[in-house]
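Colleague: I've got a new model open and I'd like to learn how to read it. Could you walk me through it, one feature at a time?

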Amino acid sequence: MTTTLESTLARRQAPLRTPTALGADARRDIGAGLAALLADSFALYLKTKNFHWHMSGPHFRDYHLMLDEQSDQVFALTDPLAERARKLGGSTLRSIGDISRHQRLSDNDAPFVTPGDMLAELREDNLRLVDYMRATHAMCDAHGDVATASLLENWIDEAERRAWFLFETGRAA
């Protein structure tokens, strides 16, 4: 009985041994970068949904629908981000607490935010996410991780598009 329990405990603590040609430094560095991007993506997703749920005013329908579309797009990159970290032999986020420890984008718990401020805040958050993605891309380049870099290139373009839509939507006529 003790042997079975010891064996089970040892397996739970065993390091991940996913095969990859990338070295330990690359796996560590890129894995940490992906964990932070994943946390930021969850933070941006929830903030976008928050603003979607609490939108008001004369442009409610248009803004509400745009933010719903944008939140879906942000959420869609979370699984590929986490799976890429796992493909590199790393682990990924495990809880809301883990997300909060890794996120760099700030939450917005204000009871009321004007539609214009919502659009501006989301625009800036998307642009910050682009900066974080570019930094992670540079790290991937330094380690020769073309697969992660390729994914990031598409996500950068999507985030820049979201920022552009938020900018144009928030402009005064």
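This is a predicted model: local features need pLDDT of at least 70, side-chain atom pairs count only at pLDDT 80 or more; totals for chains, interfaces and linings use all residues.

Colleague: Now helix pairs. At what angle do H2 and H3 pack?

Modeller: For a pair, look at the angle, the distance and the handedness. H2 (residues 24–54) and H3 (residues 60–76) pack at about 160°, and their axes are 9 Å apart. Angles over 145 degrees count as roughly antiparallel, so H2 is roughly antiparallel to H3. H2 passes H3 in a left-handed crossing.

Colleague: Which residues of H2 meet H3?

Modeller: On the H2 side, they are Ser41, Phe42, Leu44, Tyr45, Thr48, Lys49, Phe51 and His52. Their partners in H3 are His64, Leu67, Asp68, Gln70, Ser71, Val74 and Phe75. Sorted by class, that contact has seven nonpolar, six polar and two charged residues.

Colleague: What about H2 and H4: how do their axes cross?

Modeller: The axes of H2 and H4 cross at roughly 165° and come within 9 Å. That makes H2 roughly antiparallel to H4, and this crossing is left-handed. From H2 come Leu34, Leu37, Leu38, Ser41 and Phe42, while H4 brings Thr78, Leu81, Ala82, Arg84 and Ala85. By class, the contact of H2 with H4 has seven nonpolar, two polar and one charged residues.

Colleague: Last one, the core. Which residues touch the most other members of the largest nonpolar core?

Modeller: The largest nonpolar core has 38 residues, and Leu34, Leu37, Leu67, Leu81 and Met133 touch the most other members. H2, H3, H4 (78–87), H6 (115–143) and H7 (146–170) each supply at least two residues. H2 gives the most, with 10 residues.

Colleague: Which residues is Met133 in contact with, leaving aside its neighbours within four places in sequence?

Modeller: Met133 is in contact with Leu37, Leu77, Leu152, Trp155 and Ile156.

Note on methods. Residues are numbered from 1 along each chain as its sequence is written. Side-chain values use heavy atoms; hydrogens and water are left out. Axes are lines fitted to C-alpha atoms, for helices over the stretch in contact, and angles run from 0 to 180 degrees between N-to-C directions. Helices (H or I, at least four residues) and strands (E, at least two) are DSSP runs, numbered from the N terminus. Angles under 35 degrees count as roughly parallel, over 145 as roughly antiparallel, 65 to 115 as roughly perpendicular and the rest as oblique. A crossing is left-handed if the near helix is turned anticlockwise from the far one by less than a right angle, and right-handed if clockwise. Contact means heavy atoms within 4.5 Å. Ala, Val, Leu, Ile, Met, Phe, Trp, Tyr, Cys and Pro count as nonpolar, Asp, Glu, Lys and Arg as charged, and the others, Gly among them, as polar. A nonpolar core is a set of buried Ala, Val, Leu, Ile, Met, Phe, Trp, Tyr and Cys residues joined through side-chain atoms within 4.5 Å. Buried means under 20% relative accessible area, exposed over 50%, partly exposed in between (1.4 Å probe, protein chains only).
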